[in-house]
Amino acid sequence: MPHDHSHSHGNRPIEGRHSNRYDRMARLLMKPVYRKIAKDVAASAPQGATVLDVGTGPGILLRELSRLRPDLHLAGVDLAPDMVDHARRNLDDRIELHAADVAALPFEDDKFDLVVSTFSSHHWGDPEAGGAEIARVLREGGRLLNYDFPRAPFKALTDNPGLTSVRRTPFSRILKATRFEAAKQA
Ligand SMILES: C[S@@+](CC[C@H](N)C(=O)[O-])C[C@H]1O[C@@H](n2cnc3c(N)ncnc32)[C@H](O)[C@@H]1O
């Protein structure tokens, strides 16, 4: 379960025993949270949109999204190969998954209509570089939807000419999560 740990894992990936525990918790306990986020993302996704989940972990948001919106073309990346293995087991194989850093995304320019991320950006070692990469892979007019704790580096993500902050609003009182939305200029 995501928790706002000021002691932090830094930008180290969650691996091994910890990734097993995270996978179990995300699948069992956090379903209502991912359902709520998936509904919110689905409301912003055009028909047949391409959507990338950055720091997807065990892929539970992608699973909820694919149930809710089978028309979407979904992809996920995570820095930890272990997490990508969990995601592969949790998801059907039409969903493209890669072990990759947000600062070096393995996709061509302008590929995605939406980039989403949940409880990951506070781990990113270089959020400025992550924001620039997200801007590169978004098409013009595409959106970033990032759900994370209030101390996440939201501002750093738009510290590049490609992404403009749109709004920042409270999302979940239980998890103390913030919803941050940014757009790639048309
Ligand atoms: C708390 S987990 C959240 C996982 C999932 N999004 C969720 O909500 O259950 C944070 C994830 O971010 C990943 N992560 C950390 N730094 C990253 C980076 N630089 N690029 C991509 N993923 C990263 C970690 O490996 C971990 O799986």
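This briefing describes the fold, the sheet, the helices and selected residues of one protein model.

The model is predicted, so local features need pLDDT of at least 70 and side-chain atom pairs count only at pLDDT 80 or more, while totals for chains, interfaces and linings use all residues. Residues are numbered from 1 along each chain as its sequence is written. The protein holds six helices and seven strands; helices (H or I, at least four residues) and strands (E, at least two) are DSSP runs, numbered from the N terminus. Along the sequence these elements follow the pattern α-α-β-α-β-α-β-β-α-β-α-β-β.

**Overall composition**

- Of the 186 residues of the protein, 46% count as buried; a residue is buried if 20 or more other C-beta atoms lie within 10 Å of its own, exposed if 12 or fewer, and partly exposed in between, with C-beta atoms placed from the backbone.
- Among contacts with a separation of 6 or more, 70% are between residues 24 or more positions apart; two residues are in contact if their C-beta atoms, placed from the backbone, lie within 7 Å.

**The sheet**

- Seven strands form an open sheet in the order E3-E2-E1-E4-E5-E7-E6, with mixed pairing; two strands pair if DSSP finds at least two bridges between them.
- The edges are strand E3 (96-99) and strand E6 (163-172), each of which pairs on one side only.
- On average, neighbouring strands of this sheet are turned by 15° against each other, direction ignored; axes are lines fitted to C-alpha atoms, for helices over the stretch in contact, and angles run from 0 to 180 degrees between N-to-C directions.
- Strands of a sheet pair through backbone hydrogen bonds, either parallel or antiparallel.
- Strand E5 (residues 138-148) and strand E7 (residues 177-184) run antiparallel and are joined by six bridges. Within E7, Arg179 stands opposite Tyr147.

- Strand E1 is mostly covered, with five of its five residues buried.
- Thr50, Leu52 and Val54 point one way from E1, Val51 and Asp53 point the other way, and all are buried. In a regular strand the side chains alternate between the two faces of the sheet.
- E1 pairs with E2 in the parallel sense over five bridges, and Val77 in E2 is the bridge partner of Val54.
- E1 also runs parallel to E4, to which three bridges join it; Val115 in E4 is the bridge partner of Leu52.
- A right-handed β-α-β unit is made by E1, H3 and E2; a crossover is right-handed if, with the strands pointing away from the viewer, the path from the first strand over the helix to the second runs clockwise.

**Helices**

- Helix H5 (residues 127-137) lies across strand E1 (50-54), strand E4 (112-118), E5, E6 and E7, and runs at about 140° to E5.
- Helix H2 (residues 31-44) has 14 residues and spans 20 Å from its first C-alpha to its last, close to the 20 Å expected at 1.5 Å a residue; the expected span is 1.5 Å times one less than the number of residues.
- The buried residues in H2 are Val33, Tyr34, Ile37, Ala38 and Val41. Seen down the axis of H2, these buried residues fall within an arc of 130°, so they line one face of the helix; the arc is that of the directions from the helix axis to the C-beta atoms.
- Pro32 and Ala43 are exposed on the other side of H2.
- The packing partners of the buried H2 residues are helix H3 (60-68), E4, E5 and E6.

**Residues with positive phi**

- Asp110, in the loop between E3 and E4, has phi near 60°, a positive value in a residue other than glycine. Asp110 counts as partly exposed because it has 14 C-beta neighbours inside 10 Å.
- Phe119, in the loop between E4 and H5, has phi near 55°, again a positive value in a residue other than glycine. Phe119 counts as buried because it has 24 C-beta neighbours inside 10 Å.

**Ala183**

- Ala183 is placed in strand E7 and counts as partly exposed because it has 19 C-beta neighbours inside 10 Å.
- Not counting residues up to four places away in sequence, Ala183 touches Gly141, Arg143, Thr164 and Val166.
- Arg167 is 16 residues from Ala183 in sequence and 9.8 Å from it in space, C-alpha to C-alpha.
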